[in-house]
Every structure is written in C-alpha cells, then in structure tokens.
Amino acid sequence: MTKTQIDAPAGVPFIDITREFDAPRDLVFKAYSDPELIVQWLGPRKYKMTLDAWDVRDGGTWRYTHSDDEGHAFGFHGVFHGDQTPDHMVQTFEFEGWPGHVSLESITFEDRGGTTVIHNHSTYQSVADRDGMIESGMEEGMNDGFDRLDELLATLRQPVA
Amino acid sequence: MPDNQLDAVFGALADPTRRAILARLAEGDASVLELTAPFNVSQPAISKHLRVLESAGLISRSRKATTRLSHLEADPLRKATEWLVSYREYWEESHERLDALLAALQVQPKAERKPR
C-alpha cells in the first residue's frame, strides 16, 4: 500500500492528505461514514475512541474523544455540510484543546478501478493556524533547527523516569 | 493550559528562528550573544524573539553576572504539543488501521490484484 502523503505547502493555509486503499470506493466511503466502522480505525491505537455523534447528513454534527490510559482526553467536533457522498464529504473540524481554530475538511474518494484514493483537503483560517496544527511546517522538512526540535519533542513525550 | 497561553505557544512555535532557538536551548542555557551567533539576524531581533518565547512561557531568563541566560521551559512545550506533534503519526496509524479493517470487510478474496 502507498504511504500516507501529507502536504502543507508554504504560504497557504492548506493541508492535503492523500492515501490509496486496496478496497472499492463505496466500501472506503462506508468506513468513513458509518459510525460503527469509523471507531474501528480513526486515531492511533494507543487512544480509545469514544463517538458521541456521527450524524452524516447536511447540518449533522459529529463529536468524538480520544483518550489514553493516563487520563488525557482530547475532544474534537464539527458539522457536516451538504449531502455526504464519495464525491463530497465536507465537514468543519475543531480541536477542543484549541477552540475557535476551525478548519474545513473536504474529502473525496477517487475510484482507481478496484482501489480507492482518498484526498483530504483541509483549509485553515490562517497559515499560522495550519502551522500550529501540524506543528509548524513539519511536512516541509525545512530547517535543521526544526528537525532538532522535533527530536526534542519526541524526547519530551516520553514518560519522565 | 488556558487557551490564550496555548495560542501564545503556537504563535511562538510558528516561527522557524524561534524553533531553532528552542532547539539550541534544549542543549543548555545560553546568552543572547550565543543565541545570535548561528543566525543571520541582529541581536535586537533575537532579543525580540526571546521576549515572545518568554511571554509564551517556553523559556525563562535569569541573570548571571552581566549576562542574561535563557533557559528552556520544557513543560509548557510538552503540554502544548502533547497531542499536536503527532499529526503525521495520527494519520499514518489511522490509515494502517483502516487498511486492516477494509481487508477484514472484504470477505471475498480478490482474484486479480494489481501489482504495485
């Protein structure tokens, strides 16, 4: 399978995620739109996903929480906009730890004749918001200073001995 | 962490010079002069960056004789980035899980698989 590709071009408040899945388009769309399925894959394994709402229709709300064993909980919520189809899955996205910094997520499911490529285009309110979300230009692999900070952050995330 | 502090932390992290300063401070405390040396910017510009980092709570500053030393405050940085640093990890791991789920959902094995 192809690796997840994440692009965060300089100067514009977008993040583009592209990924190919070895399954037909309808099934991949179902995995995104069926609440019973989405809880089975969204988020890292170390987090337990609790779905409060996943109302996939125009104006329907969604909310979920990722929680870890140490009692940290991270809430996310938003609203679906328009009819939700494999050609148009559009929703707002807000991390409750950073309220007011809302992004607009547009997901399309591209049929590649047996496999499916998802395109997830996120629009943030500003480049600063976008960079805050992905930790400031990580995907551009920019400067040495950042790589070192990345390593530092990785170290900091380890539990204190 | 209050929202306004989180905003300040993200604002502080959005600048490459400030990230590089934090990375340098991870190796140990440093004076303004030491922090200015690697960059192609003036000392007042670095001082301004340090004030931004200080007001975000990411560094503290102390005086040693006539030198003012900057010190990395790791805790707010860790708190603020506890979740957000793993953006790439989040999606890669989610997609790997989705691969497995999609495979399980497809009861019929595929007769033809495209090489990749």
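A:Val90 stands opposite A:Ser106 in S7(A). S6(A) and S7(A), in this predicted model, pair in the antiparallel sense over 5 bridges. S7(A) also pairs with S8(A), again antiparallel, here over 8 bridges. The hairpin made by S7(A) and S8(A) leaves 4 residues between the strands, and A:Gly113 takes a positive phi near 70°.

Another hairpin is formed by S3(A) and S4(A), with 6 residues between them. In its turn A:Gly59 has a positive phi of about 85°. Strand S3 (residues 48-54) of chain A runs antiparallel to strand S4 (residues 61-67) of chain A, and A:Leu51 stands opposite A:Tyr64 in S4(A). The antiparallel pairings are listed below.

| Strand pair | Sense | Bridges |
|---|---|---|
| S3(A) and S4(A) | antiparallel | 6 bridges |
| S6(A) and S7(A) | antiparallel | 5 bridges |
| S7(A) and S8(A) | antiparallel | 8 bridges |

In a regular strand the side chains alternate between the two faces of the sheet.

A:His119 is found in strand S8 (residues 116-123) of chain A. A:His119 counts as partly exposed because it has 14 C-beta neighbours inside 10 Å, while a buried residue needs 20 or more and an exposed one has 12 or fewer. Leaving aside residues up to four places away in sequence, A:His119 touches A:Thr18, A:Ile107, A:Thr108 and A:Glu110. The C-alpha atoms of A:His119 and A:Gln5 are separated by 9.7 Å, although these residues are 114 apart along the chain.

Helix H1 (residues 25-33) of chain A has A:Arg25, A:Val28, A:Phe29, A:Ala31 and A:Tyr32 as buried residues. Seen down the axis of H1(A), these fall within an arc of 155°, so they line one face of the helix. An α-helix has 3.6 residues a turn, so residues three or four places apart point the same way. The cover over the buried residues of H1(A) includes strand S2 (14-21), helix H2 (35-38), strand S6 (89-95), strand S7 (103-111) and S8 of chain A. Helix H6 (87-105) of chain B is also part of that cover.

Chain A as a whole comes to 4 helices and 8 strands. From the N terminus on, its elements run β-β-α-α-β-β-β-β-β-β-α-α. Of the 161 residues in chain A, buried residues make up 28%. Among contacts in chain A between residues at least 6 apart in sequence, 34% join residues at least 24 apart.

Note on methods
Residues numbered from 1 in each chain as written. Chains lettered and ligands numbered in written order. Predicted model: local features only at pLDDT ≥ 70, side-chain atom pairs only at ≥ 80, totals over all residues. Helix = DSSP H or I, 4+ residues; strand = E, 2+ residues; numbered from the N terminus. Contact = placed C-beta atoms within 7 Å. Arc of directions from axis to C-beta. Pairing = 2+ DSSP bridges.
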